[in-house]
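This report describes the strands, cores and open spaces of one protein model. Please look at the sequence and the structure before reading on.

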Amino acid sequence: MATPLSLHHPRPPLPTENPLPLRNAATTANNNNINSQIQLHPCLLSLEKCTNMSQLKQIHAQMLRTCLFVDPFSASKIVAFCALHDSGSLPYARLVFNQIPNPTTFTCNSIIRGYTNKNLPRQAILFYQLMMLQGLDPDRFTFPSLFKSCGVLCEGKQLHCHSTKLGFASDAYIQNTLMNMYSNCGCLVSARKVFDKMVNKSVVSWATMIGAYAQWDLPHEAIKLFRRMEIASVKPNEITLVNVLTACARSRDLETAKQVHKYIDETGIGFHTVLTAALMDVYCKCGCYPLARDLFNKMPEKNLFCWNIMINGHVEDSDYEEALSLFNDMQLSGVKGDKVTMASLLIACTHLGALELGKWLHVYIEKEKIEVDVALGTALVDMYAKCGSIESAMRVFQEMPEKDVMTWTALIVGLAMCGQGLKALELFHEMQMSEVKPDAITFVGVLAACSHAGLVNEGIAYFNSMPNKYGIQPSIEHYGCMVDMLGRAGRIAEAEDLIQNMPMAPDYFVLVGLLSACRIHGNLVVAERAAQQLIELDPKNGGTYVLLSNIYSSMKNWEAAKKMRELMVERNIKKPPGCSAIEVGGVVHEFVKGDVSHPQSSEIYETLDDMMRRLKSAGYVPDKSEVLFDMDEKEKENELSLHSEKLAIAFGLLSTTPGTPIRVVKNLRVCSDCHSAMKFISEVYNREIIVRDRNRFHHFTKGSCSCRDFW
């Protein structure tokens with residue numbers, strides 16, 4: 001609790017006590033002449049050129065020898081240098097202050113300001129208490145520094161009372177710093193009361209109150225106040241506009257941001273770095289990335305903050321290659337990245353599945369001695385886990401001195417995605433022992449882990465514990481995990497019953513999970529019901545038609561499969577294009593079905609032909625049920641061989657050292673034929689094939705997959 005501040009009220013002298021001397025014109029003129037002489041004294045002139053404490057001490061000694069130090073004005077100059085100069089010394093300022101016979105309020109203000117500037121707020125408040133005990137009256141310059149030093153609301157309120165009792169309540173500068181103090185203490189109601197009582201509100205007053213609302217995540221109030229400012233015909237300055245743009249970014253108010261942009265153009269305020277960065281941030285947050293990039297490209301000088309905004313903007317826009325390219329430009333310009341830059345770039349690597357680039361960034365972080373805080377450490381764990389390097393993810397996790405719920409969740413989800421369900425559940429138990437409370441996303445990983453490990457009863461128990469033990473209401477994602485778990489275990493009826501009794505309508509992923517389970521377990525009746533719901537939910541999604549057609553084909557119901565294909569043609573529905581990416585030598589190469597755009601296409605197709613011959617010799621039989629078009633058997637085989645993941649793997653075989661893992665990222669679910677082919681590739685070529693599709697990881701080794709043929 002803050003120590004109560006006691007306000008000293010000096011008693012005015014009685015007429016018979018210490019009467020003030022009468023001043024005449026001659027006396028005043030004489031005093032002015034003395035002051036002028038003192039100000040021109042060589043010691044004070046030397047003090048103006050002083051740059052360090054060694055010189056200051058020599059001047060101080062000279063002033064003591066010449067008795068100049070007894071003059072309060074001269075002594076205050078020594079104190080001011082020690083307290084306020086960059087090379088000064090506050091302890092020395094206090095020693096000097098204690099030697100002054102009659103210190104002035106100006107001298108006290110210098111020390112208070114010094115403590116505030118050096119971020120020593122407690123010392124500033126304590127010195128103010130000492131000042132009051134010694135009977136020195138504060139003036140209008142005392143309180144602004146004190147308000148800046150206040151971090152406790154009750155202390156701030158006491159100082160507010162002091163300033164009011166001493167007659168400074170209507171001082172504009174004090175009112176502005178008072179508003180700022182209340183804002184920093186989180187008391188916006190009191191800040192607004194001070195603002196509303198101001199008779200003459202300057203642009204600083206408006207900027208301070210707008211900034212307070214923006215800082216405390218009340219962006220709509222900030223923008224509303226800005227509208228009032230416009231009505232009051234007060235012209236905003238750069239700080240006001242930055243605060244308004246901060247509010248626009250948080251509220252995603254694109255219209256107001258564009259009005260501010262137009263105002264800057266029309267008034268000629270100029271696009272200074274901070275203002276341009278704030279405007280870029282709004283455009284990125286509102287999804288207008290081209291506008292942000294246009295501003296960025298026009299900036300004559302870019303600081304690290306601007307680079308970070310634009311890199312993160314491209315990541316949010318899913319333009320991951322451009323984000324990485326921009327980082328290269330940033331390095332060429334001589335600007336070094338920080339932990340914010342690295343976190344954004346690691347997210348880009350995570351989505352691209354670019355493990356080698358992610359590793360390079362990790363080395364960069366260590367080389368540049370960038371602080372690995374919880375956020376950056378979590379980004380590293382997530383990148384390694386989602387790029388399939390779970391050992392590296394666990395190593396980074398174990399090296400982190402501090403972990404939050406997101407760190408634990410990243411590794412739990414990563415282990416679940418990689419098919420290591422038991423390890424994920426062990427980590428969840430360790431998380432509970434560490435007294436870190438899981439959140440909703442943690443339970444997505446836990447339920448997925450139970451699904452992959454075949455622990456259905458344990459999964460049901462975890463699901464039930466969410467509202468009962470942790471106060472977390474299951475969302476659509478958790479129900480989707482439960483449907484996947486029950487379906488994987490062949491409990492189709494229970495999965496369908498769960499969907500029918502959900503407190504919300506099922507989405508695409510819940511229903512497609514049920515449909516996938518029906519494909520594995522051959523339940524045509526439920527599959528048709530699930531497909532009907534999917535078609536009603538999203539009639540243009542070709543994935544539903546493809547999956548149901550595959551189910552018909554697997555049951556040798558060729559007529560029904562043909563009807564599904566005809567229905568797709570009739571409704572002009574096309575299967576979404578598949579795209580597979582593979583990273584080689586730090587460069588991400590992307591392939592689509594039948595791709596011939598790669599510079600090494602001829603070599604890739606030669607490798608592909610050789611690969612297919614070797615697979616067939618090993619017993620691989622193409623699953624032609626995946627082909628939806630009416631063509632002969634040879635054409636169907638050729639169609640299957642051109643799938644994007646096969647092209648990516650052929651390129652990997654061509655471009656990497658024998659025996660090293662091949663990592664592929666695909667935007668869609670891996671088809672059953674490619675899944676079968678990859679099992680053979682892992683055995684024939686003695687390679688570990690790691691494929692991340694839309695749903696999960698597939699680790700192919702020695703002819704088997706970590707998903708146990710359920711995906």
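Which residue of strand 4 does Val 665 stand opposite? Val 665 stands opposite Arg 692. The model is a predicted one, in which local features need pLDDT of at least 70 and side-chain atom pairs count only at pLDDT 80 or more, while totals for chains, interfaces and linings use all residues. Residues are numbered from 1 along each chain as its sequence is written, and side-chain values use heavy atoms, with hydrogens and water left out.

## Strands

Helices (H or I, at least four residues) and strands (E, at least two) are DSSP runs, numbered from the N terminus. Two strands pair if DSSP finds at least two bridges between them.

Strand 3 and strand 4 run parallel and are joined by four bridges. Strand 4 is also joined to strand 5 by four bridges, and these two run antiparallel. In this second pairing, Ile 690 stands opposite His 699 of strand 5. Four residues lie between strand 4 and strand 5, which form a hairpin.

Strand 5 covers residues 697-701, and four of its five residues are buried; buried means under 20% relative accessible area, exposed over 50%, and partly exposed in between (1.4 Å probe, protein chains only). Strand 4 is covered on both faces. Ile 689 and Val 691 are buried on one side of strand 4, and Ile 690 and Arg 692 are buried on the other.

Two antiparallel bridges pair strand 5 with strand 6 (residues 704-705).

The spaces are found on a 1 Å grid over the protein atoms alone. A cavity is a set of points where a 1.4 Å probe fits but cannot get out, and a pocket is an open set with protein on both sides within 12 Å along at least five of seven lines. Lining residues have an atom within 4 Å of a point. Grid points are joined across faces, edges and corners, and a volume is the space filled by probe spheres set on the points.

A search of the whole structure gives two cavities of 30 Å³ or more.

| Space | Volume |
|---|---|
| Largest cavity | about 250 Å³ |
| Second largest cavity | about 50 Å³ |
| Largest pocket | about 1400 Å³ |

The largest cavity has 17 lining residues, and Gly 543, Val 546, Lys 575, Arg 669 and Arg 694 lie nearest its centre. Helix 30 (508-521) and helix 32 (542-554) are the elements that give two or more residues to this lining. Helix 32 supplies the largest share, four residues.

Among the residues that line the second largest cavity are Val 665, Ile 690, Arg 692 and Phe 697. Strand 3 (662-666) and strand 4 (689-692) each give two or more residues to that lining. The largest share, three residues, comes from strand 3.

The largest pocket is lined by 42 residues, with Met 417, Asp 693, Arg 694, Asn 695 and Arg 696 nearest its centre. Helix 28 gives the most to this lining, with six residues. By class, the lining of the largest pocket has 20 nonpolar, 10 polar and 12 charged residues. In this count Ala, Val, Leu, Ile, Met, Phe, Trp, Tyr, Cys and Pro are nonpolar, Asp, Glu, Lys and Arg are charged, and the others, Gly among them, are polar.

## Nonpolar cores

In soluble globular proteins, nonpolar side chains tend to be buried together. A nonpolar core is a set of buried Ala, Val, Leu, Ile, Met, Phe, Trp, Tyr and Cys residues joined through side-chain atoms within 4.5 Å.

The largest nonpolar core has 189 residues, of which Leu 56, Met 280 and Met 342 touch the most other members. Apart from it lies another core of 31 residues, including Leu 608, Phe 651, Ile 681 and Ile 689.

## Thr 105

Thr 105 lies in helix 6 (residues 105-117). Why does Thr 105 count as buried? Thr 105 counts as buried because its relative accessibility is 18%. Leaving aside neighbours within four places in sequence, Thr 105 is in contact (heavy atoms within 4.5 Å) with Met 131, Asp 137, Pro 138, Asp 139 and Thr 142. Thr 105 and Thr 142 are 37 residues apart in sequence and 8.1 Å apart in space, C-alpha to C-alpha.
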